[in-house]
Amino acid sequence: MVTVTSELDTGRYLKLSTENVLRELGGDLEKGLSEVEAERRRRQFGPNEVLERKQSLFVKFALKFWGVTAWMLELTMTFSLILDRLEDFYVIAALLVANAVIGVTEEQRATGAVEQLKQRLQVNARVLRDGVWKLIPARVLVPGDIIRVRAGDFVPADAKITSRSEVSVDQSVLTGESLSVQKAEGEILYSGAIVQRGECGAIVVATGGRTYYGRTAELLEKARPKLHVEEVTSSIVRWLLVMVVALVAFMLVASYLSGSNILQVVPLALVLIVFAVPVALPAMFTVSMALGSLELAKKGVLVTRLGASEDAASMDVLCVDKTGTITSNKLSVAGVYARGRFTEDEVVLNGALASQEANQDPIDSAFLEAAKERGLLGKKFEIISFIPFDPSTRRTEAIIRSEGKTFRATKGAVEVLLKLCGEEQLEASLEESVNEFARKGYRTLGVAVSDTGKFELCGIAALYDPPRTDSSKFIRELDSLGVSVKMLTGDALPIAREIATEVGLTGPITSFADIRSELQVNPSEAKTKIEVSEGFAEIYPEDKYLIVKHLQEGGHVVGMTGDGVNDAPALRQAEVGIAVSNATDVAKSAASSVLTNTGLLDMVSLIQVGRMIYQRMITWVLNKIVKTFQVAIFVAVAFLLIRRYVVSTLDIILLLFVIDFVTVSLSTDRVRGSSNPEKWNVSGLVKLSAALGVFTLAELFGLLFIGLKFLDLSREFGSLQTFVFASLFYLGMFTVLIVRERGVFWSSTPSKTLILAIGLDMLVVALLVTTGFLGIPPIPPEYLAIVVFYVAAVSFTINDAAKRFLIRSFRVAD
């Protein structure tokens, strides 16, 4: 039985030698733990995760009574008590509690949906079990496991390095220090750190809450960028409050001049201001995006930040990595050119010896696969040490012992190996081969060997990563949606142009080296080239961030795909950061969405669903602004005409809940996404809504006239208020059915959920106004029938025609 580790054991294992740690934990560098032993230890130590601290349900519930809207309603309750209007007090209190219960319930559901998606984004670890390297969820690691980490990986548990190699580690999430730290054999890698450079083997010494910092649960935490949704909500609130506050000020002055009791007016004025606040807008946005995220999960897109789907609706530029996204990222040796005394088999063999299978690196795998196909690995080769690829050296190197001889093999960029071998340039025949491979879009690597101290270039090998079969279709579909694609690659310009031509990118393909220098001399010209180019060659990882930044400065909403640790800044900077299916843990945590299938076709679903969500939000916003405009102005103007308020405080409170929160069901409505990127135009929406509100205002005054002159409701003012409340409510419900469709209202059928919600809402209000429940003065059923028939007639004829004319005139919401 292995000794249970404690939080202090990591420090103790740092002092122990690697051999002693292996002995104490029962680790085996050749075979690793058996699955049976690993399962026994998992039961002993528990899962490799730290319990996450979550806000209690009670606190969430209590916070629903804190905020501008809650304060205004609570202030209204206070005035109701002062004025001895207990019915209003009890109804508002009940509605506040109901709102809190509904709000907490919906948040729990939305949080549950996102957590369910995040569980599918578990951090994985490479582990040796039963002599086989496997990729398993990090949460099932146990002390004694032999793991391997490389650049881009999160360290999944506290582990002691066992291999003779150095790694550069970012421990900023643990220590706050931004500088990376070098770690070598015998040192501890701490859970939650990020490997920036190099790779190594290690033995797990502590897991879960027993790790030195216990940060496993925070591996997916990241800085939360401000959502476009928040900016839109703030803008809408400002417009509505300006409109209503001006009218409330007018009402108070008019009441004072007419000799009315100001205290009687204050509760109504406060409630009108509350009505202007789009209380249900955040809930509507959240539910819409949560449902959209669940829909996207079924289509292979995991959304880790809810706002990503809404941002995708506005995205007009997508920057795409060539390797692994446009191409298949399955390299194979397509051609070999031997040099001098060497044969093609020797070139392939030495390239394979300078590779490591455990890394699962595409280039390493291509050489190893080619060597196996040629039967070159039959002899016994002992790898004494291996130096993985490093961007600063641009090559790999291994020291090998075979049949009593020790030699070195290296592979990497041809120009790098030429310098390493002390040569200035290739001979003409070899240069021609390199150029020919480049014209075909092949990637050329040199292979060199040394058994005397000086390296000798033994030949070159061409590797080809062909375009995916669906890449051309993906680019055509994005083009039809108004999204331009820009290909990014570190490969040479000829290769980039070859691949671009094959997938249908016909615009300029530019070397970013030229743009980089031009940014210093002529920034405006450089930015123009970034705008018009459809692809960039010879880029470094940091260039991706610059491209995204400059495109955003040009007014674009940018999407960015990535898979490596160096892509993280660009993924975080882009409005829509997309980690591809084989991305590193760092890239996944920086991105706002993750593809679970290879290729990018699933990105089309993200854009389409995002635009559908946008259309649902537009419908809600239009309906809310129209409703606020008509209620505020109708109440103010009606007061001037009859010197009394035609709705009570309770009526407005009821309208707030029965209209705003029922229309959250718009998040399930059937809609059609636009064929072009969406742009929020709040001022245009306000103008459109105000213009449509003028029509509904005229219709409301028509109903008021009918109630006063033909139904003789002036004698029973309480019944008149109920009649007006019913008119406002039913006109609001029919307005939803009108504005949800940009064409004629019968162009599409509402979703079943929306029809059910509106139907039940109408039935509940019908019972309220005809039975007098909640102390509302009742009206006869035939009066209600007049309201419903009148509102339906004007909505489906006059208002629908006006809506279509106004949308064309203002050029918004179409």
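Me: How are α11 and α24 oriented to each other?
Reply: This is a predicted model, and in it α11 and α24 are roughly perpendicular to each other. Their axes cross at roughly 95° and come within 7 Å. For orientation, α11 covers residues 307-314, and α24 runs over residues 602-642.

Me: Which residues make that contact?
Reply: From α11 there are Ser309, Glu310, Ala312 and Ala313. The α24 side supplies Leu606, Ile607, Gly610, Arg611, Ile613, Tyr614 and Met617.

Me: And by class?
Reply: The contact of α11 with α24 has seven nonpolar, two polar and two charged residues.

Me: OK, on to α24 and α27. What is the angle there?
Reply: About 155°, with the axes of α24 and α27 10 Å apart. The cut-off for roughly antiparallel is over 145 degrees, so α24 and α27 count as roughly antiparallel to each other.

Me: Left-handed or right-handed crossing?
Reply: Right-handed, for α24 passing α27.

Me: Which residues of α27 are involved?
Reply: Phe717, Val724, Leu728, Leu731, Gly732, Thr735, Val736 and Val739 of α27. On α24 they meet Thr619, Leu622, Asn623, Val626, Lys627, Gln630, Val631, Phe634 and Ile642. By class, the contact of α24 with α27 has eleven nonpolar, five polar and one charged residues.

Me: What about α26 against α27?
Reply: Helix α26, residues 682-710, packs on α27 at about 150°, with the axes 10 Å apart. The two helices are therefore roughly antiparallel, and the crossing is right-handed.

Me: Which residues of α26 take part?
Reply: Leu692, Thr696, Glu699, Leu700, Leu703, Leu704, Gly707 and Leu708. Their partners on α27 include Leu720, Phe723 and Ser727. The class count for α26 with α27 is eleven nonpolar, three polar and one charged.

Me: Change of topic. How many aromatic pairs are there?
Reply: A search of the whole structure finds eight. One of them is Phe512 with Phe536, with ring centres 5.9 Å apart and planes at 85°, so the pair is edge-to-face.

Me: Where do those two sit in the chain?
Reply: Phe512 is in helix α19 (residues 512-521) and Phe536 in strand β20 (residues 535-537). They are 24 residues apart, and the pair links distant parts of the chain.

Me: Buried or exposed?
Reply: Phe512 counts as buried, at 0% relative accessibility. Phe536 is buried as well, also at 0%.

Me: And Phe705 with Phe710, what geometry?
Reply: That pair is edge-to-face, 5.8 Å centre to centre with 75° between the planes. Phe705 is partly exposed at 46% relative accessibility, while Phe710 counts as exposed at 61%.

Me: Which rings form a cluster?
Reply: Phe734, Phe745, Trp746 and Phe796 are linked into a cluster by ring pairs.

Me: Last one: where is Ser592?
Reply: Ser592 lies in the loop between α23 (585-590) and β23 (593-595). At 4% relative accessibility, Ser592 counts as buried.

Me: What does Ser592 touch?
Reply: Leaving out residues up to four places away in sequence, Ser592 touches Leu302, Val303, Thr304, Arg305, Ala308, Glu575, Val576 and Gly577.

Key. Residues are numbered from 1 along each chain as its sequence is written. This is a predicted model: local features need pLDDT of at least 70, side-chain atom pairs count only at pLDDT 80 or more; totals for chains, interfaces and linings use all residues. Side-chain values use heavy atoms; hydrogens and water are left out. Axes are lines fitted to C-alpha atoms, for helices over the stretch in contact, and angles run from 0 to 180 degrees between N-to-C directions. Helices (H or I, at least four residues) and strands (E, at least two) are DSSP runs, numbered from the N terminus. Angles under 35 degrees count as roughly parallel, over 145 as roughly antiparallel, 65 to 115 as roughly perpendicular and the rest as oblique. A crossing is left-handed if the near helix is turned anticlockwise from the far one by less than a right angle, and right-handed if clockwise. Contact means heavy atoms within 4.5 Å. Ala, Val, Leu, Ile, Met, Phe, Trp, Tyr, Cys and Pro count as nonpolar, Asp, Glu, Lys and Arg as charged, and the others, Gly among them, as polar. Rings of Phe, Tyr and Trp (its six-membered ring) pair if their centres lie within 6.5 Å; planes under 30 degrees apart count as stacked, over 60 as edge-to-face and the rest as tilted. Buried means under 20% relative accessible area, exposed over 50%, partly exposed in between (1.4 Å probe, protein chains only).
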